[in-house]
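Thanks for making time this morning.

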Amino acid sequence: MAYGNLNVDTITGSGASSVIVNNGSANVAGFTTGNNLQMLQNGGGIVFSNSSALTNSTLNDYETGTWTPVINGTNLGAVGVYTKIGRTVFVSFNNQTGVAATSNGTQYTITGLPFSDGGDYSKGAACNITFNSASRSYIDSICAGRVGSGTTVYFTNVSGYSSTTSDAWNLGAVYTATF
Amino acid sequence: MTLASTTNIDKVETLQDGTIQVRQAEIITKDGVEIARNFTRWVRHPGDTGAHTDPSPVPAIATAVWTAEVVSAYEAMVASQARGV
């Protein structure tokens with residue numbers, strides 16, 4: 001059995017560490033400036049089990065950031081946000097106006113999701129899309145949405161009403177990334 | 001006190017089907033010390049010409065990974081999927 005080291009030291013990288021765990025061949029974890037515990041090797045994570053099935057009980061990814069929704073082929077300059085926990089991705093955008101008018105029954109697409117779901121429609125997830133209708137005194141109108149085809153959301157206006165370019169659109173979706 | 005912002009592609013993930021996931025980091029430094037890092041992501045599927053105008057190293061990776069076989073296999077996979085809401 002190889003023994004590692006616990007060092008009080010500093011390293012270079014995305015955050016200098018004051019305490020480093022070394023497994024005998026590489027630094028694997030450290031407390032960074034800002035008092036964060038940081039995994040220093042790609043794929044490293046937190047294992048919530050002492051079983052041998054590590055891949056099923058390891059939290060090895062967390063990330064937040066932004067993405068650019070492109071609605072029916074048009075980039076309206078909207079900024080979407082995402083949070084990825086393991087393989088689960090939460091994406092959203094709020095109050096996006098300028099979307100081309102949709103009549104009831106029209107199918108649209110939103111592309112630009114930050115992670116691929118592998119392009120398999122069978123893995124797609126239903127999602128919530130609404131538009132805040134000016135013609136209906138700003139009542140949220142529900143559309144049917146689905147994540148599928150890698151990084152595309154398909155949605156159909158099933159609200160019974162038409163939207164205008166001044167209506168604000170909102171998306172909230174959860175799906176499973178390839179990894 | 002000097003604040004500075006730089007952006008770079010800090011992570012590129014290539015999936016089994018040839019899809020390339022790109023992460024761009026905006027790094028904020030104060031007197032040379034990083035104080036914040038914000039991420040923006042996008043995805044390029046095999047054959048997406050937009051990849052060739054992305055920042056380095058995405059174009060080179062796309063050129064290397066997206067062989068004619070990879071692109072045609074991806075297109076066939078997409079075509080095989082039943083579209084619908």
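On the side of chain B, 21 residues are in contact with 29 residues of chain A, contact meaning heavy atoms within 4.5 Å. Please keep in mind that this is a predicted model, in which local features need pLDDT of at least 70 and side-chain atom pairs count only at pLDDT 80 or more, while totals for chains, interfaces and linings use all residues. Residues are numbered from 1 along each chain as its sequence is written, chains are lettered from A and ligands numbered from 1 in the order in which they are written, and side-chain values use heavy atoms, with hydrogens and water left out.

The size of an interface is often given as the accessible area lost when the parts come together. Here chain B and chain A bury about 1900 Å² between them, with 53% of it on carbon and sulfur atoms; this buried area is the accessible area (1.4 Å probe) that two parts lose on being put together, summed over both.

How many residue pairs are in polar contact between chain B and chain A? The count is 7, both residues being at pLDDT 80 or more, where a polar contact is a pair of N or O atoms within 3.5 Å, and within protein one must be able to donate a hydrogen and the other to accept it, residues adjacent in sequence counting only if both atoms are side-chain atoms. On chain B, the elements that give two or more residues to the side touching chain A are β2 (20-30), β3 (33-44) and α2 (68-80), these being DSSP runs numbered from the N terminus, helices (H or I) of at least four residues and strands (E) of at least two. The largest share, 7 residues, comes from β3(B).

Strand β3 of chain B is also the place of Arg41(B), which counts as buried because its relative accessibility is 2%; buried means under 20% relative accessible area, exposed over 50%, and partly exposed in between (1.4 Å probe, protein chains only). Arg41(B) forms a salt bridge with Glu63(A), the closest N and O atoms being 2.6 Å apart, a salt bridge being a side-chain nitrogen of Lys or Arg within 4 Å of a carboxyl oxygen of Asp or Glu. Across the interface, the rule finds 2 salt bridges.

Finally, in helix α1 (residues 58-65) of chain B, the buried residues are Val58(B), Pro59(B) and Ala62(B), and they pack against β1 (3-14) and β2 of chain B. On the other side of α1(B), Ala60(B), Thr63(B) and Ala64(B) are exposed.
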